Structures are given as structure tokens and as C-alpha cells.
Amino acid sequence: MSNKSAHLFDLKEVRGRIERKDKSIRPKIMSLQDAVKQFIPSGSHVAVGGCLYSRTPTAVIHEIIRQKRADLTISRSLTGMEADLLLAASALRKVVTSWWSIGYAWGISRMMRKFVQEGKVEFEEWSHLALGLRYRAAGMGTSFLPTFSMLGTDLERTNKVEKIVCPYTGEKMLLVPALYPDVGLIHAQRADKFGNVEINGFHFMDEDIARASGQVIVTAEEIVDSDHFRNQPDRTVIPFFCVDAVVEVPYGSYPSECWNRYDADFSHFSDFSQATNEKGVNGVNEYLSKYVYGKSFQNFLDMIGTGRLVELRKSMENVIR
Amino acid sequence: MSSAKASYTKAELLAVMTSRLLEDKKTVFVGIGLPMAAALLAQLTRSPALSIIFEGGIIAPELKHGEMPLSTNEIRAGRRAMAFCDITDIFLYQQRGYIDYGLLGAAQIDQYGNINTSVIGDFHKPKVRLPGSGGANDIASSSTRVLITLIHEKRRFVEKVDFVTSPGYLTGNNSRVNSGLIFGGPFKVITDLGIMGFDQKSKRLKVEAIQSDATIQQIRDNTGFELLVADNLERIEAPTKDELRILREIDPEKVMLRGT
């Protein structure tokens, strides 16, 4: 068992990254360009926060594509449109996830099928809980966690996961190995300049991702004064010392939803899905040419238009009030 | 409730049948689509105190009719919920024993209730790559009673699934428990032709009831393996007008009950 774990990660190395971090309370605000340049070299394992079309760190994904990163591994609880973009940009080597498609309404992702079936990207499939426990084990600084999930199935077999006989009960348990990403990407409603982060609504796996990752980039709808957190510290979901870069990006998860801020833009997803269905990779490349290459994230939002963004804010209010 | 003959789609039939199996005062782990319609219908008919649980970390939401979520991780799924928690933690509540029912669909199912939602063909060189487990494996491993709902077709009811994504009774007899899965397991498989349980000893699929307009021969013709049949085979009451009316009020645009 120790041999196999050694192939996945070295505990001293992954802990060493945290020990060596500058934990001072210091400003970390920077541009999207600098954050990606500094923290996401090609070949990195990037954990993508949010879930499917909720709080996706879209602005950072676009910047990764603009900076032509390659050979990336991404991990995410449920993987969506962002992976289609990264695939077309030739940025991906491997996707570690429990489920991969744009969303239920749009059927099976053509991009996923094409690239996986042609062997151009590796789809490492785990159960949803198993993936969550992998991040959590890493967030705890350990190497595995026990679960009943995946026992007896082909997911156990294909992932070559170890089982044990529990020393306390004599029952069998499956041990999912920790997953230590190089960098975690979190989009949040609020952060301060030091990297204290408030997440409203669904937290998904973001807290565990922040603890598991060697470095963390946070984009936030708004940067607030630190008194916001000092006055009510229970708002802090991720504390400053986990975070390495803070970027203010209003609408930074568009076309995904951001709880209490704006709804998902379903027509944008539908148009994208239709383009990939009709034109395959070319459809995605046209999308990237129109919205990403040579453009800033603000250019992208300007093309979507203020009117549409205001509609999505109203739609959010109608649903959750 | 009135039981006059009404017309309905296969998806509506499956939603009604699933809803009837959800007892009151229980918790149910619900996926997107048909399971959601079934759970809501149950709440509005027999089981007003049934609590819905969503994968996104959502406990006991009150969904708005006509505004159905398109994922289990979005604002519409979380509307007026009693609690939110991390995704990992919602599954840990399930592993702890808090989830009475898990509702699953399937691309392929075999005679022991194993489900494939991963690949058709070889895992490493798939003919068709499907989206994957999501939470289905976890529901099949740890919820107390798993209900599986699908259209009854020979290509779906296969002797051996290409890939076991979500565990049923594995290779039958005690193999599920022997693998370490000491809790839960498939309870019923609900199709447009009938409802099946599992033989107590062999754990093979066993037809227990047939839909109002189906025959046992039809079930055999649409199954790719030999089915056991219960001695006291029951005839199921067709969806009532009330059930169909409520179902259509919940989801007038058929967001959850697309196709079939």
C-alpha cells in the first residue's frame, strides 16, 4: 500500500508547501493575469471550485486559456462547460471528477465524448463522495479516508483503490487516497485584500479544496474592508492564510450562477451546447475566438451586455426570496 | 382518488409508480429529472412529511411548481431549504444512515440490480462514454432503500452490465455484503412494464407486479436475461387522474419528464 501511495503524493512534500508559505496578514490583491502567471504553470493539477454551473471560477478559466497553459489536470465535483473550453484550447491532460457534462438539460457533452473516446484526455471517475473525501483527507493533512462508497464496483477496480478490514469492527472499508491539488480556484461573493473569504449559499467542496491545495486563487464579486470579517468572524469560510491571490471580478462566475448575486444564463449554455453539437471543436474554438482570445473578462461581460446581467440578478432575487 | 382511464407518457407512469413507493415521514435522496417529479408528487399525495435531500448539500427544500431546477446544485433546488451543507457532508449524512430512500435512473441494469452510467464498451477505450457516477454510486452504497427507475428495454436490461458504476447485489447471493456493503441495497426496480424486487436468497430480479396495460410476456421479451416471477403476481393500478393532474401542475413544461 505504501508503494502505491508514494506514486500519488509525498506527505512531506505536500505539507512542506504549506509550512513554507508566508502566513503573514498581507495584501494579496493582484490581476487575473498575474495570478495565473504566478500560480498555474503548465502541468499543474488545478482544483476547480463550485459545482457544475454554480460558482464556477470562469474568469480564471478564461485566463488559463489565454495564457495557453497545457498538460493540466483539473479536478471538480461535477465538471461542466469549463472543461469543454479547456479541451478545445488543448489545455487538458486529465479530468478527475464524478460526473462530466454541461448539465442535465443539454444531454451528454459532445466534447467530453469525443476527447475521451479518442483517448485524447483521461477521465478519472470517482464517486461524488469519494472525490469529496479525497479533498477532505488532503485538507486534514492525511493520506486517506475510509468509506463504503465504490466497494465492490468497477470504480473500485479501475481506480485501484485499497480496501482494509477495519481493526475495530472486522468490516471491510474502502480507503480513498487524499487528493492534493497544486492550486485551488474559488469564486466567492466576498473577500478582503488579505484573502479572508465569505461564501454564501452552497459551499460545495470549496472549504476542503482550499485546505487541500498547495496554493489558492480567489476571485470575488466584491472586495470588502477587513472590518467586515473582524466584526463577524463567523462569516469567514476560508481564512487568509490559505489564500495566495485575491482578484475582484464582478460576475466572475458568469454564465454560472452565484448565489444571492445572479442566476445562471441558461440561454448562453444552450447556445454553447448547440454550437458544440453542430460544429464540434470548431464550435468551441469560435466561442473562444469571440469571447476569450485577445479579450479581457470585462470585454466578455460587455459583449453579454448590462441588460442581460441585470436580468440575471433579478432572476436570482425572484428564486431565492 | 378517481381511477378512471387517462392517457399518460411513460415518464409520467414511472414518476407516479415511484411516488407511490415513497412512504411518509422519511427522507429521500433525489436526483435530477424523473426522481424529482416522483418525490414532489409523493409529498403532494401520500407523503406530506417526506423530506427531499439534494446532492448539492440541500436539506428539505420547498420547490416551486413550474420552476424546476436543472441541476441538484442550483438555486431552484435550494429554494426555502431548511439547511445547506457541503456536498461531502450531505453524502456523509447518508453514510451515517439518515437517508431512507435513494432514487436512481440507469443506462444499463443487470439481473442483480447493478447499474452502469459510466461507459458502453471498455472503460479505457469506451465505445460510448457516459457522464459517470455523480452521486449514484454513493446512493447505491449507503442509502437504506434504493429505488431504480427506467424504461424497460432489452438493451437496458442486460445479463451483465459493461461497467458496474453503482452496486446492486453484485454477483448475487451474499456478494454485496461480502464486498463490505453491509447496509442498504436495491429495493425495487420500477419500469413502464412492471415493478421488480429481488429474490431473498439469490438476489436476482423478480417480477412482483405488472403495469395495468402490460403482460408478463412483454416483460420477458424486453429483458436480456431470465427473470424470476413471483407466485402472487400483482396488477398495478394505472396512474389516477389526480396523480397526473398534480404531476402536470408541478412540472407543466415537462422539464423533469422530458421525452419518453
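Predicted model: local features only at pLDDT ≥ 70, side-chain atom pairs only at ≥ 80, totals over all residues.
Where in chain A is the place of Pro255(A)? Pro255(A) sits in the loop between β11 (245-248) and α11 (266-279) of chain A, where helices (H or I, at least four residues) and strands (E, at least two) are DSSP runs numbered from the N terminus.

Residues are numbered from 1 along each chain as its sequence is written, and chains are lettered from A in the order in which they are written.

Staying with the loops, Phe204(A), in the loop between β9 (197-198) and α9 of chain A, has a positive phi of about 55° although it is not a glycine. Phe204(A) counts as buried, with 27 C-beta neighbours inside 10 Å; the term requires 20 or more other C-beta atoms within 10 Å, against 12 or fewer for exposed and anything in between for partly exposed, with C-beta atoms placed from the backbone. In chain B, Ala60(B) also has a positive phi of about 55°, but Ala60(B) is partly exposed, with 14 other C-beta atoms within 10 Å.

Turning to the interface, 56 residues of chain A are in contact with 47 residues of chain B, contact being C-beta atoms, placed from the backbone, within 7 Å. On the side of chain A that touches chain B, α7(A) gives the most, with five residues.

Methods. Contact = placed C-beta atoms within 7 Å.
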